[in-house]
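This briefing goes through one protein chain by topic. Please keep the sequence and the 3D view at hand while reading.

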Amino acid sequence: MPPAESTEIDESALPSVLAAGAGMASRVTPEPVLLDAVEASWMIRRREISCVELMRAHLEHIERFNPLVGALVSLVDPDLLLHKARSHDRALERGEPVGWMHGFPLAVKDLTDARGLPTSHGSPLFVGQVAEADSPAVARMRTAGAIVIGKTNVPEFGLGSHTFNSVFGATRNPYDRTRTAGGSSGGAAAALAMRLVPVADGSDFMGSLRNPAAYCNVLGLRPGFGRVPPNGFVADPGVAGPMGRTVRDVAMLLSTMAGPHPRSPLSMDQDPSCFTESLDIDHAGTRIGWLGDLDGHLAVEEGVLDQCRSTFPAFDDVGCTVEKARIPGGLTDAWETFLLWRHWMVGEKLHAVHDDPDVYARLKPEARWEVDRYRAMSVRDIARAREGRDRWHATVCELFERYDYLLAPSAQVFPFPTEQRWPSEIAGREMDTYHRWMETTAPWALSGNPVLNLPAGFTAAGLPMGVQLIGRHRDELGLLRLGHAYETATDWVHRILPPLLR
């Protein structure tokens, strides 16, 4: 089976004209940074733009705008990056085969190892820790031609859907810099929205690819479990995935990140080049189940559901039928099961530090909360976690007997003030955990279904929101194809740029 690293662009599948929005450059925005990833790749291969030109434009753009949003951290020296870009140009001159990301500036999420760069996890405990090797996904992106320029900011240990930490500070929302960019892939989402990078990697345990994408008006795909090689033999709900400004860009990055790996026994054994196929298909007769607030189970800020329902006409326009759906038995059991998995997986990952009392005292409160519950877990709790997940999986399978896709809000509140740690109350209902306000994302992490955040437009105050499009197991391609049809009908990413870029 061809490895993901060998994936190249099928030029016949590329658009013949630049996507809408590429001509929206203002006098303060260098034109190359407005190119979407597939457009930039196509132009590099055809020698219409050099790798040096692309890199220099992004570096100048980063120097000007990154301090205003705090998306990128641990940046590499610009002279070294330009030297690498020249090497990539010389490879083109020699006619050497190149991957579709050839010459791309790439910033890796600061929970993921990139050789030679710090992996701080947003924690003072890991400042100065430099990765000796790339994670598998980063290695594949480098092989596809990407040049790693730095890292994207995260909450400490990735906990909480609000990107701030004591090492690098907060990442601010490009559409309102007094508001959060979400998290934990908040740095990645803000960097995409501000055109600091063409595409970005992220990861998702509880909405970390979906929530920041919704808050920053970009796309984030949580792949199904095993699509991007996971570690070990346990089906950890946390997965890595791609983010981008178009569905085609997300699909291309997935084709690079995905694919089996010899050290990942549970990775999917499927050729990832399928994600380079055409995304244009007929969606007539497609049935979508709208979950909303699950008959009042979820506390939702006023206006969120209306904003999400505003997407229905676009789905209707491409041939879909959207109707209200109900979850048999509700979500209470699924939430309790999710908490067990969360305590188990987070506590396990932090085991190397939480046994030291001095170190434990320096952890953020949310991390200590997870660790305390991990320490209290019994073998029976592990069994309950497994049994509850099996029950929830059966429920989701039943839903997909009636619907082709499911639709839900990507968040229960609009982007909130940066100085607010997390929403403690929604619509008069107290949130009993630091992440209960993101419960809308948890069921699909538990089930392992692929989920794509799609932009859902803006409030009158200019705040973005998104919807989760949830697909069947192993059907990322179908999910991307429906997302592409929706994007063609709406194109929020290019229609409304962040205020700083207008």
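In which sense do strand 16 and strand 17 pair, and over how many bridges? The two strands pair in the antiparallel sense, over six bridges. The model is a predicted one.

- Eight strands make up an open sheet with mixed pairing, in the order 8-10-9-16-17-13-11-12.
- Its edges are strand 8 (200–204) and strand 12 (321–324); each has a single partner strand, so one side of each lacks a neighbour in the sheet.
- From one strand to the next, the twist averages 30 degrees.
- Helix 16 (residues 476–490) lies across strand 9 (219–222), strand 11 (287–290), strand 13, strand 16 (451–458) and strand 17, and runs at about 15 degrees to strand 16.

- Strand 13 (residues 405–409) pairs with strand 17 (residues 464–470) in the antiparallel sense over four bridges.
- Within that pairing, Leu407 has Leu469 as its bridge partner, and Ala408 has Gln468.
- Strand 17 is mostly covered, with seven of its seven residues buried.
- Pro464, Gly466, Gln468 and Ile470 point one way from the strand, while Met465, Val467 and Leu469 point the other way; all are buried.

**Nonpolar cores**

- The largest nonpolar core comprises 142 residues.
- Trp100, Met101, Phe104, Leu196, Phe315 and Leu480 have the most contacts inside that core.
- Beyond its neighbours within four places in sequence, Phe315 is in contact with Ile288, Cys320, Val322, Leu407, Leu454, Leu469, Leu482 and Tyr486.
- Leu407 and Leu469, both in that set of contacts, are also bridge partners.
- Another core, of twelve residues, lies apart from the largest one; among its members are Leu159, Val346, Ala367 and Tyr434.
- In soluble globular proteins, nonpolar side chains tend to be buried together.

**Helix 10 and helix 13**

- Helix 10 (residues 332–349) packs against helix 13 (residues 365–375) at an angle of about 100 degrees, and the two axes are 8 Å apart.
- That angle makes helix 10 roughly perpendicular to helix 13.
- Helix 10 contributes Leu339, Arg342, His343, Trp344, Val346, Gly347 and Glu348 to the contact, and helix 13 contributes Trp369, Glu370, Arg373 and Tyr374.
- By class, the residues of this contact are five nonpolar, two polar and four charged.
- Arg368 is also found in helix 13; it counts as partly exposed because its relative accessibility is 25%.
- Not counting residues up to four places away in sequence, Arg368 touches Tyr360, Ala361 and Leu363.
- The C-alpha atoms of Arg368 and Tyr486 are separated by 41 Å, with the two residues 118 apart along the chain.

**Helix 4**

- Ala137, Val138, Arg140, Met141 and Arg142 are buried in helix 4 (residues 136–143).
- The cover over these buried residues includes strand 2 (105–109), strand 3 (147–152), strand 8 and helix 7 (247–257).
- Gly145 follows helix 4 and has a positive phi, near 110 degrees.

**Backbone details**

- Most residues other than glycine have a negative phi, and most peptide bonds are trans.
- Gly183 and Ser184 are joined by a cis peptide bond, with omega about 5 degrees.
- Ser184 lies in the loop between strand 7 (176–180) and helix 5 (186–193).
- Ala427, a residue other than glycine, has a positive phi near 50 degrees.
- The loop between strand 14 (425–426) and strand 15 (429–430) holds Ala427, which counts as exposed at 60% relative accessibility.
- Arg474 likewise has a positive phi, near 65 degrees.
- Arg474 sits in the loop between strand 17 and helix 16, and is exposed with a relative accessible area of 57%.

Definitions and conventions: Residues are numbered from 1 along each chain as its sequence is written. This is a predicted model: local features need pLDDT of at least 70, side-chain atom pairs count only at pLDDT 80 or more; totals for chains, interfaces and linings use all residues. Side-chain values use heavy atoms; hydrogens and water are left out. Axes are lines fitted to C-alpha atoms, for helices over the stretch in contact, and angles run from 0 to 180 degrees between N-to-C directions. Angles under 35 degrees count as roughly parallel, over 145 as roughly antiparallel, 65 to 115 as roughly perpendicular and the rest as oblique. Contact means heavy atoms within 4.5 Å. Ala, Val, Leu, Ile, Met, Phe, Trp, Tyr, Cys and Pro count as nonpolar, Asp, Glu, Lys and Arg as charged, and the others, Gly among them, as polar. A nonpolar core is a set of buried Ala, Val, Leu, Ile, Met, Phe, Trp, Tyr and Cys residues joined through side-chain atoms within 4.5 Å. Buried means under 20% relative accessible area, exposed over 50%, partly exposed in between (1.4 Å probe, protein chains only). Two strands pair if DSSP finds at least two bridges between them.
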